Number of protein chains: 2
Amino acid sequence: MSSPPMASVTRQLSRRSVFEALLHRSPISRADLAKVTGLSKQTMSEVIDAFEQQGLVHQVGRTSGNVGRTAVLYELSPEGGHVLGIDLGARRLTVALADIAGRVLAEADEPTDSRGGAWALDQIARLSDRLARDNHTHPSRIRSIVLATPGVVNPRSGAIEMAPNITGLGHLNVVGLLGEKLGSPVTVENDINLALLGEIWHGCAQNVANVAFLALGSGVGLGLYVNGQLVRGENGAAGEIGYLPIGGDPLQAEARLQGCLEYQVGATGVVRRYREAGGGSEVDSVRQIFERAQAGDSLAADVVDETARLTALAAATVIATVDPQLLVLGGSVGARPDFADKVARVLLQLASRPVEIRTSTLGNRAGVVGALSVALRRLHDDAF
Amino acid sequence: MSSPPMASVTRQLSRRSVFEALLHRSPISRADLAKVTGLSKQTMSEVIDAFEQQGLVHQVGRTSGNVGRTAVLYELSPEGGHVLGIDLGARRLTVALADIAGRVLAEADEPTDSRGGAWALDQIARLSDRLARDNHTHPSRIRSIVLATPGVVNPRSGAIEMAPNITGLGHLNVVGLLGEKLGSPVTVENDINLALLGEIWHGCAQNVANVAFLALGSGVGLGLYVNGQLVRGENGAAGEIGYLPIGGDPLQAEARLQGCLEYQVGATGVVRRYREAGGGSEVDSVRQIFERAQAGDSLAADVVDETARLTALAAATVIATVDPQLLVLGGSVGARPDFADKVARVLLQLASRPVEIRTSTLGNRAGVVGALSVALRRLHDDAF
DNA sequence: TCTATTTATTCGGTCGCCTGACGAATCAAT
DNA sequence: ATTGATTCGTCAGGCGACCGAATAAATAGA
């Protein structure tokens with residue numbers, strides 16, 4: 001099924017560089033491709049001919065208006081393959097479909113099946129299938145699938161090892177089951193890591209080699225991008241900053257169980273602190289506390305400030321450890337501009353040197369966009 | 001001066017892989033090299049002939065005892081080039097000389113010139129020159145030099161930006177001055193980063209892709225090795241964990257100045273804590289406090305325990321952030337087995353998952369060994 | 001001495017790339 | 001409409017690097 005016998009190393013390199021050029025300067029002629037890649041015109045023609053026969057590229061017209069002979073323009077063909085990005089959140093399931101050039105063809109979401117586990121996987125398969133068919137893409141055309149999930153993902157096996165928010169996900173062989181249901185290779189990756197990669201691909205962290213992505217929502221987590229690479233850690237547990245010894249005694253029972261920092265700034269932690277401070281027990285979401293703080297409730301304001309202070313301490317910890325160029329704040333709480341401002345203000349007093357801070361621009365789409373970007377890279381790597 | 005016109009990409013790759021094989025399986029025949037690298041015997045002969053003409057390899061004998069024709073054995077020639085590793089500590093200056101194969105030919109050390117700055121650079125030049133001449137190596141043969149220094153080293157310019165321990169180093173163009181004095185390209189790198197690379201090359205962290213090296217001596221610092229790469233950070237300030245918000249109020253004046261954690265577990269911090277607790281003011285070194293603790297001084301023991309506790313908190317922070325496979329404890333305090341034990345015991349209660357802990361095996365040689373390893377890699381990269 | 005075995009070289013043959021020459025297609029000016 | 005300048009794409013020749021097969025050389029063991 002693959003290309004003819006096998007191309008030599010050097011041809012492989014040429015193909016790859018032509019492909020990259022094609023990816024970034026979409027409608028482009030052979031002559032320009034030759035200039036951009038540094039290859040000769042003939043080599044260019046050979047590679048493009050091969051691509052065309054393979055169905056990877058197709059003609060889209062000709063140049064006009066310039067002096068000299070017109071050139072045929074090429075672009076990556078949708079026939080080249082499709083990928084699927086999936087964000088499996090505790091409350092919402094999002095699926096997106098893109099072609100080999102990274103053009104997002106469609107996106108759909110539903111509330112996550114609350115029964116979790118196998119039901120969620122079935123739901124993913126159904127939604128993915130529908131998305132593909134609605135876009136005239138036969139599911140067999142999908143060549144790579146990436147799933148964003150909460151929890152610690154083993155970087156070697158792809159097993160999900162700690163996913164408290166979705167019941168019964170840890171015991172399933174997700175890669176195998178989902179791969180069988182959908183008929184394509186599946187990769188599983190932590191949702192925060194993928195949100196980070198999403199921001200790097202199409203969000204607020206483009207063209208930066210050292211990024212820290214601090215997500216604060218129902219839980220707290222961190223994505224690290226260092227030397228232009230994602231940091232997974234030996235067990236996939238890098239960025240589990242819920243366990244940072246910040247905001248209390250790290251040896252206390254609750255702190256050891258769910259993590260010291262998480263116990264304070266996780267959604268339940270914030271609500272608990274508000275109630276312990278004497279706030280009304282009818283409040284049961286962080287959003288409400290923020291609203292009350294804005295409405296003048298000084299108790300709520302204090303809770304918000306303390307949350308920002310602890311978040312800033314966590315950020316300072318990360319900055320001191322890996323020295324990123326950019327800190328991105330994300331998650332339903334972290335991405336709030338008012339909250340980010342508070343964090344930035346505390347951080348100014350803490351950090352030995354100032355670091356640029358931005359809030360996520362992709363919001364809750366970051367995960368699925370990141371999943372697409374990884375699926376695309378896998379597709380590209382496989383093609384060469 | 002470089003090799004003939006220029007080898008093509010594919011030849012370059014072949015040369016490199018032959019070189020690597022030569023590096024690891026020292027005396028080896030062409031036939032075996034061909035098997036190891038997967039290249040054909042003829043290509044092998046071409047590459048080896050070129051290497052021999054270039055002076056990179058030389059014959060060292062023939063095989064014997066086996067059936068069949070004897071094979072000529074080759075190894076990397078010392079003529080291929082030499083490198084220098086230098087560890088400029090606040091109190092001790094160490095220099096080591098190695099050949100292109102990584103064989104350490106000589107090592108020498110002296111107390112650092114306490115006048116610092118330009119005097120220290122002169123001292124380096126003198127000691128390096130002597131070391132080279134004593135080993136019948138003309139200084140011009142030295143093709144790469146790496147200097148380990150405390151402080152933050154700008155990863156782009158090589159400028160030393162914060163070096164409180166050696167006076168007047170920050171204002172000097174060390175790369176330029178030292179390069180001129182010694183006549184070879186100089187690279188500057190943080191001493192803890194190099195100690196980490198030393199342990200990875202020839203110490204206790206070999207063949208591990210994710211390592212954290214926590215150094216506790218006169219100061220506290222961290223070296224990070226992630227995905228098989230050193231983490232420098234955007235400004236070279238990765239691993240500056242003296243500024244972690246651990247062990248006190250991070251907004252306090254002293255903490256902001258020299259770092260919150262450093263203020264507590266740095267050498268002066270430990271001594272200060274002992275005195276504040278009522279210990280004798282005649283004590284002025286950490287070593288003495290450890291000795292007193294062992295002799296039964298409960299005040300000293302408490303100070304040691306608290307130091308270990310804070311160090312464990314820092315370690316837990318790093319582990320939660322980057323999830324290393326291995327934690328190496330180094331530095332004059334950190335490498336003490338008794339201290340490392342205490343840290344490990346606290347860490348067991350803190351960490352969500354256990355991490356292997358080792359103490360540095362290279363001790364105070366780690367920096368210079370790491371400098372050699374980087375200098376060697378530079379030499380190899382330049383040669384191809 | 002002879003044979004099996006292993007090492008190294010020589011001799012084509014292939015692949016990928018480049019350069020230079022040339023035909024094809026276009027715009028602009030006469 | 002013709003001519004010239006310009007650009008696109010192909011063709012042919014040559015080079016560098018690789019491999020496989022055949023061959024020469026050297027050695028251990030029978």
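Me: By what turn and what shift along the axis can chain A be laid on chain B, and with what RMSD?

Reply: This is a predicted model, in which local features need pLDDT of at least 70 and side-chain atom pairs count only at pLDDT 80 or more, while totals for chains, interfaces and linings use all residues. Residues are numbered from 1 along each chain as its sequence is written, and chains are lettered from A and ligands numbered from 1 in the order in which they are written. With the copies superposed by least squares on the C-alpha atoms of residues with pLDDT of at least 70 in both, chain A is laid on chain B by a turn of 180° and a shift of 0.0 Å along the axis, with an RMSD of 0.1 Å. That is the relation of a two-fold axis.

Me: Which residue of chain A comes closest to the rotation axis?

Reply: The distance is taken from the C-alpha atom, and it comes to 3.3 Å. The residue of chain A at that distance is A:Thr10.

Me: Which element of chain A gives the most residues to the side that touches chain B?

Reply: Counting two residues as in contact if their C-beta atoms, placed from the backbone, lie within 7 Å, 35 residues of chain A are in contact with 36 residues of chain B. Helices (H or I, at least four residues) and strands (E, at least two) are DSSP runs numbered from the N terminus, and those that give two or more residues to this side are helix 1, strand 12 (220-226), helix 11 (298-322) and helix 13 (337-350) of chain A. The element that gives the most, with seven residues, is helix 11 of chain A.

Me: How does the side of chain A that touches chain B divide by class?

Reply: Here Ala, Val, Leu, Ile, Met, Phe, Trp, Tyr, Cys and Pro count as nonpolar, Asp, Glu, Lys and Arg as charged, and the others, Gly among them, as polar. On that basis, the side of chain A that touches chain B has 19 nonpolar, twelve polar and four charged residues.

Me: Which residues are the closest to DNA strand C?

Reply: A residue is near a strand if its C-beta atom, placed from the backbone, lies within 6 Å of it, and 27 residues surround DNA strand C. The elements that give two or more residues to this surface are helix 1 (9-24) and helix 3 (41-54) of chain A, together with helix 2 (30-37) and helix 3 (41-54) of chain B. By class, the surface has seven nonpolar, 14 polar and six charged residues. The closest residues are A:Ser14, A:Ser40, A:Arg69, B:Gly68 and B:Arg69.

Me: And which residues are the closest to DNA strand D?

Reply: DNA strand D is likewise surrounded by 27 residues. Two or more residues of this surface come from each of helix 2 (30-37) and helix 3 of chain A and helix 1 (9-24) and helix 3 of chain B. The closest are A:Ser45, A:Gly68, A:Arg69, B:Ser14 and B:Arg69.

Me: Which strands stand at the edges of the five-stranded open sheet of chain B?

Reply: The sheet has the order 13-12-11-14-15 with mixed pairing, where two strands pair if DSSP finds at least two bridges between them. Within it, strand 11 (residues 211-216) and strand 14 (residues 326-330) of chain B pair in the parallel sense over five bridges, and the bridge partner of B:Phe213 in strand 14 is B:Val328. Each edge strand has a single partner, so one side of each is left without a neighbour in the sheet, and these are strand 13 (229-230) and strand 15 (356-359) of chain B.

Me: Is B:Ala195 buried or exposed?

Reply: B:Ala195 has its place in helix 6 (residues 191-202) of chain B, and beyond its neighbours within four places in sequence its contacts include B:Phe213, B:Ala215 and B:Gly330. A residue is buried if 20 or more other C-beta atoms, placed from the backbone, lie within 10 Å of its own, exposed if 12 or fewer, and partly exposed in between. With 31 C-beta neighbours inside 10 Å, B:Ala195 counts as buried.

Me: Is B:Asp323, which has a positive phi, buried or exposed?

Reply: Phi of B:Asp323 is near 50°, in a residue other than glycine, and B:Asp323 is found in the loop between helix 11 (298-322) and strand 14 of chain B. With 26 other C-beta atoms within 10 Å, B:Asp323 is buried.
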